[in-house]
Amino acid sequence: MTESNRVVIVDDNEDITNVMSDILEIGGFNVVGIGHDGKEAVSLYRKYKPDFIFLDVRMPIMNGIQALKEIKEEDSKANVIMITADDGTGIIQELKKLNATAIIVKPFKIETIFETIKNIIK
């Protein structure tokens, strides 16, 4: 895990973005952007072209599913890690169908974030 791993975090819950940002920076990642809705997610992705973007499913203005679609249409290789509190099979299947790189279900342990990234880098 090197400094070059640039990360964007998007979640409408500011506590979550703050905690994830701290955790990732301690883990040696460079958090280049934080957003709180799907529209911000898409513009932050375009601006920074991060190595990873963490994206919450339920957000105001534009939800994470719509943002995932737009990011993947622009860059099919984008590493979009979806975060959801809804582990219903419908949501999970839709995220897989849209080629989410990984799916993390809330509540999650800190290790889950790093394990997910490690699996993607492999």
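Gln66 is partly exposed, since its relative accessible area is 32% (partly exposed lies between buried, under 20%, and exposed, over 50%, with a 1.4 Å probe and protein chains only). You'll find Gln66 in helix α3, residues 64-74; helices here are DSSP runs of H or I with at least four residues, strands are runs of E with at least two, and both are numbered from the N terminus.

Before going on, a word on the model: it is predicted, so local features need pLDDT of at least 70 and side-chain atom pairs count only at pLDDT 80 or more, while totals for chains, interfaces and linings use all residues. Residues are numbered from 1 along each chain as its sequence is written, and side-chain values use heavy atoms, with hydrogens and water left out.

Glu40 sits in helix α2, residues 38-48, and it counts as partly exposed at 32% relative accessibility.

| Pair | Apart along the chain | C-alpha separation |
|---|---|---|
| Glu40 and Ala67 | 27 residues | 8.8 Å |
| Gln66 and Asn18 | 48 residues | 23 Å |

Now for how α2 and α3 meet. Their axes come within 9 Å and cross at roughly 20 degrees; axes are lines fitted to C-alpha atoms, for helices over the stretch in contact, and angles run from 0 to 180 degrees between N-to-C directions. On the α2 side, Gly38, Ala41, Val42, Tyr45 and Arg46 make the contact, and on the α3 side Ala67, Glu70, Ile71 and Glu74 do; contact means heavy atoms within 4.5 Å. Sorted by kind, the residues of this contact are five nonpolar, one polar and three charged.

What about helix α4, residues 89-97? Its Ile91, Ile92 and Leu95 are buried. Viewed down the axis of α4, the buried residues fall within an arc of 95 degrees, so they line one face of the helix; the arc is that of the directions from the helix axis to the C-beta atoms. Over on the other side of α4, Thr89, Gln93, Lys96 and Lys97 are exposed. The cover over the buried residues of α4 includes α3, β4 (80-84) and β5 (102-105). Just after α4 comes Asn99, with a positive phi of about 65 degrees.

Technical notes:
Nonpolar A, V, L, I, M, F, W, Y, C, P; charged D, E, K, R; others polar.
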